[in-house]
Amino acid sequence: MKLNRLALIVFGAAISVAPAFAQDKAVKPAQDMNITKMAAGQKTKVTGVVLKREADTFYIRDINGGDIQVVLNNFTKVQEKKSNFFRSGKNYSTTNLLRGLVVEVEGKGDGNGALVADKVRVKDSDLMVARTVESRVTPVEGRVGEAEGRITNTEENAKRLSGQLDELSAITSTVRGEAKAAGESARTAQVTADTAIAGVEATNKRMETWISSLDDYDAKRGITVNFKVAKFDLSDDAKAALDEIATQAKTERGYMIEVMGFASADGGEMKNRALSQKRADAVVRYLAENHMIPLRRIVTPFGYGEAQAVADNTTKEGREQNRRVEVKLLVNKGLTGQPAPVQMQRPANTSMDATSRPREASKN
């Protein structure tokens, strides 16, 4: 059964990605899909695979092959569909509703035929698989979108170069005819024509190298923001650092932002993972709400828990450094030219007040 759900998730991601390569991004999903209309006011529960995600809307395909538009609002709850009835389920943010994820939606139809979601339930194992698939798919889509404009310009340049080659070929023929009568002057002209052809060929090789670099990204800048014990809210220093990297990102072409959350080693492993994910989600929400960074520009945020520690967890200072989120600005190599070194900036750790310090050893 787990293998079948994994296959369903991967298949859902594949069919949701395919239209992005073949169709204009301005085309609405309703024009590309066989949308099933929901009766207004009717309570409905459906299960399906997420095909496409927008800001407050996503589309799913149910087991009968019908496509349904699902609308999110401030009252929508995203919860874990748990198999163990003796523990409470997790609550997720709506940013976790990724393409390829199997979801169960409860809600009512609205006047437009969409399903307004009251509850969305997902399995934790399905969410982990969908995050892995999304982290591979999103950068590829971003690179294809950037490459479309580059390819158009490349085709125009190729036409111009083709015309130049035709002209050079005609000049070469004329010079060769005159060489029979002009002797040394004709040989000089021949050398000039050959040099021009070599220059065109060198230009073609540089263009091929540039096009091949569109698949690669450089980490142009990185920052680290720290958190208080067991907290995931952003300090003023963290917000200031995020303001800087968001401002720089808007000046770049073909950029992506990578967000990774971490925690120190105190506390349980599952608690640390959940806390680090909340920290990563807090950074994503700040960038999206305060700087209008599109979610398609953000690599799926992930919480690594206590893994990949940067300092010794047996010391207070080390634990403060490990309670962090790392944010990297990635820029397409084909647009930046030479790779730029990563400049990691680590703001001062958030200091603890006197009342919270005795509890530090038991929280993360």
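**Notes on the second pocket and the H5/H6 packing**

1. Strand S5 (91-92), helix H3 (124-182), H6 and strand S10 (298-303) each give at least two residues to the lining of the second largest pocket. Helices (H or I, at least four residues) and strands (E, at least two) are DSSP runs, numbered from the N terminus. H6 supplies the largest share of that lining, eleven residues.

2. Bear in mind that this is a predicted model: local features need pLDDT of at least 70, side-chain atom pairs count only at pLDDT 80 or more, and totals for chains, interfaces and linings use all residues. Numbering runs from 1 along each chain as its sequence is written, and side-chain values use heavy atoms, with hydrogens and water left out.

3. By class, the pocket lining has twelve nonpolar, eight polar and eight charged residues. Here Ala, Val, Leu, Ile, Met, Phe, Trp, Tyr, Cys and Pro count as nonpolar, Asp, Glu, Lys and Arg as charged, and the others, Gly among them, as polar.

4. H6 (residues 269-291) also packs against H5 (residues 236-249), at an angle of about 60° and with the axes 11 Å apart. Axes are lines fitted to C-alpha atoms, for helices over the stretch in contact, and angles run from 0 to 180 degrees between N-to-C directions.

5. Who touches whom? Lys239, Leu242, Asp243 and Ala246 in H5 meet Val283, Tyr286, Leu287 and His291 in H6 (contact means heavy atoms within 4.5 Å). That makes five nonpolar, one polar and two charged residues by class.
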